[in-house]
Amino acid sequence: MAKLALVTGASRGIGAAIAETLARAGLNVAVHCRANRAGAEETVRRCRELGVQAQAFFCDVSDSAQVDHLRSEIHSAMGDPLVLVNNAGVDAFGLLTDTTDEEWRRVMGTDLDGVFYCCRAFIPAMVHQKWGRILNIASMWGIAGASCEAVYSAAKAGVIGLTKALARELGPSGITVNAVAPGVIRTDMNARHSAETMDQLREETPLCRLGEPEDVAAAAAFLASEQAGFITGQVLGTDGGYL
């Protein structure tokens, strides 16, 4: 029987690519997003075309009550996910001194609280099965920090710390916990940058190109596989050598 994966923030970009890559590997997929229903249903359609079960689910991961309801919905409709990919995220750009309380909470709520809420909700079923894979999508800025992205960098650094702690906590239960730290990936989140900025970032990347969502998806799919069963507590950079 095929395992079930939950991918948060899977209506577009990296999340959609991960969902499709996991489906290609034979996993059934619960496709989560907050509001982009058309995008989520398109991801579902592509996954189903690969011969697996897929269904869309909707909630705001920054709300713990909604995440608990999401767990109940997925359990009733598809079973318990044994692969959890925490990908849902938002960004903020600007000086720290210009950042409002509301902006801080918006980013932390989705990027860090959301990972905590989803892990707390879905870990018990993995512990019961004595098997699980948790993949947290961090960022190279969570390692190095980025000027004018202090809030985002802090949230992603928190994700990395949570990843390493959970790897120790859950290892005895047969659950691996790893993070993927993308570099400059060609996604809507980076679309705010000018062409000149993107050209500069590409020139600063040793592989001399921007990353694609599929590059991150390939790393996530490997860490979710049986072949990665002795890898845990790691941060796999998918940044073209940027750091």
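Leu 22 is in contact (heavy atoms within 4.5 Å) with Ala 5, Val 7, Leu 27, Val 85, Ala 221 and Ala 224, leaving aside its neighbours within four places in sequence. The model is a predicted one, in which local features need pLDDT of at least 70 and side-chain atom pairs count only at pLDDT 80 or more, while totals for chains, interfaces and linings use all residues. Residues are numbered from 1 along each chain as its sequence is written, and side-chain values use heavy atoms, with hydrogens and water left out.

Leu 22 also turns up, with Ile 18 and Ile 134, among the residues with the most contacts inside the largest nonpolar core, a set of 66 residues. Such a core is made of buried Ala, Val, Leu, Ile, Met, Phe, Trp, Tyr and Cys residues joined through side-chain atoms within 4.5 Å; buried means under 20% relative accessible area, exposed over 50%, and partly exposed in between (1.4 Å probe, protein chains only). Helix α4, residues 101-129, gives the most to this core, with eight residues. There is also a second, separate core of eight residues, which includes Met 140, Ala 146, Val 184 and Leu 210. In soluble globular proteins, nonpolar side chains tend to be buried together.

Zooming out, the chain has eight helices and seven strands, these being DSSP runs numbered from the N terminus (helices H or I, at least four residues; strands E, at least two). The radius of gyration is 17 Å, close to the 18 Å that the globule rule gives for 243 residues, so the chain is as compact as a globular protein of that length. That radius is taken over C-alpha atoms, and the rule is 2.2 Å times the number of residues to the power 0.38. As for burial, 51% of the 243 residues count as buried. Among contacts with a separation of 6 or more, 74% come from residues 24 or more positions apart.

A few loop residues are worth a look. Phe 93 sits in the loop between β4 (83-86) and α4 and is exposed, at a relative accessible area of 52%. Its C-alpha lies 8.2 Å from that of Tyr 152, although Phe 93 and Tyr 152 are 59 residues apart in sequence. Lys 130, in the loop between α4 and β5 (132-137), has a positive phi near 60° without being a glycine, and counts as exposed at 53% relative accessibility. Cys 148 also has a positive phi, near 65°; this residue belongs to the loop between α5 (141-144) and α6 (150-170) and is partly exposed at 25%.
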